[in-house]
Amino acid sequence: MNHSALIPPSSTHLPLPPLHSTAPTRNAAFTEKFSIEGRNLSYTIPTGQGRHVPILRDCSLSIPSGQFWMLLGPNGCGKSTLLKILAGLLKPTGGFVYVKKPKSFVFQNPDHQVVMPTVEADVAFGLGKFNLTQDEIKTRVATALDVVGMLEYLQRPVQTLSGGQKQRVAIAGALVEACKVLLLDELTTFLDESDQIGVINAVKNSLDNSKDVTALWVTHRLEELEYADGAVYMEDGRVVMHGFNVECSANLLIFIMLWWTMGQLDIGVLRASPFVHLCMFCFDVRRN
Ligand SMILES: Nc1ncnc2c1ncn2[C@@H]1O[C@H](COP(=O)(O)OP(=O)(O)OP(=O)(O)O)[C@@H](O)[C@H]1O
C-alpha cells in the first residue's frame, strides 16, 4: 500500500516546537541515526524460591529516527515487556537501552490515559508543567488534534468518544509536548476496522508532520505490517528477526527454509505454530 494515500491532503502542519531539552544525555551512547536502541537486553522475574524466570533474553534492536516500525510475535513472547523497558516503565536486568526524549507510552486501554472531562482539557493536561500562555496552549492543542484528525472534537466530552478516537486523543497528548518517540502498545487490538485505520492514520500523520518523530507499534495484527517501514519479530523472549522490509523478506525466507529443514529432521518437535507465524509475516512483508 502507498502510505501517502493514507494522509489527507489537507494535513500539512507546522511541527510543534520542542518544550524539553533534546540535548543528548550521558546515556545517549548511540548515534542520532537511531531514536530507539536496545543492546543485549534481558529481563527476569524472581520466583520466590530464589530463582528467576527469564522473560527477555539478549534482545537487541535499532529503530532509525523518523520511521514507523512494528514489534510482532505470538502471545506471551515479551513484546509488551520490551516496550515497557524502552519506555522506562521497567528496568532491564541486563543490557543497555537508549530512547530519544521526550518519549511517550500509549496504553492499549485509552481509559488509563484519557482522563480529563473534554478532549481539549485532556490534550492540554500535560502542558500544565510548562510556562505557556493560554494562547500558546490553545494553539498547540489545536495543532496536535489536527494532526490526528480530531480537531472537530475539541469540545467533546471524552466519554462520548469511540475507543479509536480516545487513542487518537492520547496520541495528540503526546504530540502536544513535542514528543520525539511514540511507544504504542497494541492500540488496535479491540478496535473495529474503521477505528483501526483512524489510529494508524494518526500515527502515520504524526510522523509525516514532523520528520523527527519515531514510532514503535506493538501489534498482533499482521495486516498492519504493510504500513511499517520495518519490523522486529520476537519469539520466546528473543528477537529472532529485525530489519527493513527488503532485508526482512530475504532473511525470513532463509530462516524459514532452515526452520523447515530442521523440522523435517527432528520429527518429535512440533514447529507448526512458529512456522505459520513466520510464513504469514514473510508474506506480508513481501507484499510491500
Ligand atoms: N510481572 C510478571 N510476573 C510473571 N510473569 C510475567 C510478568 N510480566 C510478564 N510476564 C510473563 O512474561 C511473558 C511475556 O509477557 P508480555 O506481556 O511481555 O508478552 P506479549 O508478547 O506482550 O504478550 P501479548 O501479545 O499476549 O500481550 C508472558 O509469559 C507473561 O506471562
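**Close-up views of a predicted model**

Phe107 has a relative accessibility of 31% and therefore counts as partly exposed (buried is under 20% relative accessible area, exposed over 50%, partly exposed in between; 1.4 Å probe, protein chains only). The model is predicted, so local features need pLDDT of at least 70 and side-chain atom pairs count only at pLDDT 80 or more, while totals for chains, interfaces and linings use all residues. Residues are numbered from 1 along each chain as its sequence is written, and side-chain values use heavy atoms, with hydrogens and water left out.

**View A. Aromatic pair of Phe105 and Phe107.** The ring centres of Phe105 and Phe107 are 4.8 Å apart and the planes stand at 70 degrees, so this pair is edge-to-face. Rings of Phe, Tyr and Trp (its six-membered ring) pair if their centres lie within 6.5 Å; planes under 30 degrees apart are stacked, over 60 edge-to-face, and the rest tilted. Phe105 is buried, at 8% relative accessible area.

**View B. Aromatic pair of Phe68 and Trp217.** A search of the whole structure gives two aromatic pairs. In the pair of Phe68 and Trp217, the centres are 5.8 Å apart with 90 degrees between the planes, an edge-to-face arrangement. Phe68 belongs to strand β3 (residues 68-72) and Trp217 to strand β7 (residues 214-218), so the pair ties together parts that are 149 residues apart in sequence. Strands (E, at least two residues) and helices (H or I, at least four) are DSSP runs, numbered from the N terminus. Phe68 is buried, at 0% relative accessible area, and Trp217 is buried at 0%.

**View C. Open sheet of three strands.** The strand order is β2-β1-β4, with antiparallel pairing; two strands pair if DSSP finds at least two bridges between them. β2 (52-64) and β4 (94-99) are the edge strands, each pairing on one side only. Strand β1 (residues 34-46) is joined to β4 by five bridges. Ser42 has Gly94 in β4 as its bridge partner.

View D. A ligand oxygen atom lies 3.0 Å from a backbone N or O atom of Gly78. A polar side-chain atom of Lys79 is 2.7 Å from a ligand oxygen atom, and a side-chain N or O atom of Thr81 is 2.5 Å from one.

Note on methods: A polar contact is a pair of N or O atoms within 3.5 Å; within protein, one must be able to donate a hydrogen and the other to accept it, and residues adjacent in sequence count only if both atoms are side-chain atoms.
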